[in-house]
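Here is a walk through one protein model. Keep the structure open as you read.

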Amino acid sequence: MTMDFEQAIAPVSKEQFFRDSFEKKHLVIRRDQPDYYSKLLSSKDIDWALTTLGLSVPEVNVTQADKTITSEDFAYGSGFVDSVAVNQLFAEGATIILSNLQERLPKLANFCRALERTFSARVQTNIYFTPANSQGFKAHYDGHDVLVLQVEGTKEWRIYDTPVVLPIQEQAFNPHDVPIGDLTDSFVLNPGDMVYVPRGLTHDAVSTDQTSLHITTGLMTRTWADVMVEAVRMLALNDAEFREGLPPGFASEGFDDSNATAKFETLKSKLASADLGPVLESARDDFISTRLPRAHGQLSQLAKLPELTRTSIISARPNLIYRINDVPGKGGEDDSVAVSVQGTVINLPAFAKDALAYALSAKNFTVADMPGELDEAGKIVLVRRLVREGLATIGD
């Protein structure tokens with residue numbers, strides 16, 4: 001079972017979220033459905049992960065707002081976590097944090113991939129397991145937007161102001177430089193509730209009289225600043241003026257920067273001619289090529305290949321992130337299509353495009369349902385290829 005973004009924020013629609021909340025203000029959703037997120041995680045999963053997976057620092061961290069805890073308190077010199085020590089600290093009021101658990105638990109991996117498909121951004125999880133009446137972190141803001149899903153127990157959240165609007169990495173929270181500001185909102189998240197917190201919004205959270213378990217999903221979005229930097233890099237590949245060194249002695253006392261200023265103005269005017277298309281294409285390619293396969297149960301799928309027939313029930317893997325590009329033939333070669341997905345590129349004849357597009361997006365279909373010019377034998381060959389590549393599954 002899996003959950004997508006629209007289910008995670010229901011009854012708010014995706015359109016409402018992006019129009020009214022995204023990068024603007026926090027959003028609290030209450031449900032009175034305690035088990036709403038239980039299929040994503042449970043305290044039993046936390047116990048299993050800590051005691052079975054051989055986790056190490058920084059996959060596991062332990063923190064307490066009013067106490068200094070270092071990795072020496074809960075990990076061996078090798079970095080592997082001492083699960084007994086972790087649980088002892090938890091019993092004394094510390095919060096257990098598991099980072100990137102989506103790389104260990106398929107159900108979290110599938111959820112993150114669903115969010116990645118929606119946002120075109122890398123998504124990571126931090127799991128917070130907090131004993132009753134405890135606080136893991138003092139008030140702070142994050143450098144990325146977060147969706148917080150309350151799985152078990154309750155937690156009181158306090159929202160302050162936004163000292164830095166949409167901070168970038170260089171504007172990370174520093175308690176010595178950033179005032180917390182006035183309290184602007186407070187609420188209790190019950191199991192099944194969620195809150196969206198845009199980056200830069202100061203907040204803290206304290207568990208109530210119940211042990212709290214919540215999932216924080218971080219959205220690592222690209223910014224327009226990233227796009228502009230990439231645009232300059234691309235211009236520099238074709239224009240030597242961007243590649244010239246700064247004037248000799250520019251850091252010296254008394255340096256006359258009038259010529260440098262004129263040069264800078266010239267380069268700024270050239271930046272105005274930059275084309276978004278190649279920059280956006282580069283960002284797309286980078287994002288798609290770095291999405292690792294989420295092909296859980298792949299060994300059992302390969303074992304089913306000999307049983308594949310025209311009546312077998314086939315489904316695309318959920319939340320695939322891919323692009324299909326037409327590739328014109330050269331030197332007398334036939335046209336083809338290339339699908340970029342899960343860090344690889346699969347090339348197929350152009351006449352397979354309709355069947356390919358259908359098979360990468362449809363659920364519970366048979367060979368007979370597949371459109372396009374491929375004959376039945378060709379469609380079976382295509383399905384076999386997609387199953388081997390971890391892009392489709394054969395039903396029981």
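**A helix and its buried face**

In helix 12, the buried residues are Gly 378, Lys 379, Ile 380, Leu 382, Val 383, Leu 386 and Val 387. This is a predicted model. An α-helix has 3.6 residues a turn, so residues three or four places apart point the same way.

Helix 12 covers residues 376-388, 13 residues in total. From first C-alpha to last it reaches 19 Å, close to the 18 Å expected at 1.5 Å a residue. After helix 12 comes Gly 390, with a positive phi near 75 degrees.

Seven strands form an open sheet in the order 1-8-5-10-4-3-2, with antiparallel pairing. Strand 1 (27-29) and strand 2 (60-63) stand at the edges; each has a single partner strand, so one side of each lacks a neighbour in the sheet. From one strand to the next, the twist averages 20 degrees.

Strand 5 (residues 145-152) and strand 10 (residues 212-220) pair over seven antiparallel bridges. Val 148 stands opposite Thr 216 of strand 10. Helix 3 (residues 43-52) packs on the sheet, touching strands 2, 3, 4, 5 and 10. Its direction makes about 75 degrees with that of strand 3.

Helix 5 lies across strand 4, strand 5 and strand 10, at about 135 degrees to strand 4. Arg 117 is found in helix 5. Arg 117 is partly exposed, with a relative accessible area of 45%. Beyond its neighbours within four places in sequence, Arg 117 contacts Asn 319, Leu 320 and Ile 321.

Key
Residues numbered from 1 in each chain as written. Predicted model: local features only at pLDDT ≥ 70, side-chain atom pairs only at ≥ 80, totals over all residues. Heavy atoms only, no water. Helix = DSSP H or I, 4+ residues; strand = E, 2+ residues; numbered from the N terminus. Expected span 1.5 Å × (residues − 1). Buried < 20%, exposed > 50% of the residue type's maximum accessible area, 1.4 Å probe, protein only. Contact = heavy atoms within 4.5 Å. Pairing = 2+ DSSP bridges. Axes fitted to C-alpha atoms, helices over the stretch in contact; angles between N-to-C directions.
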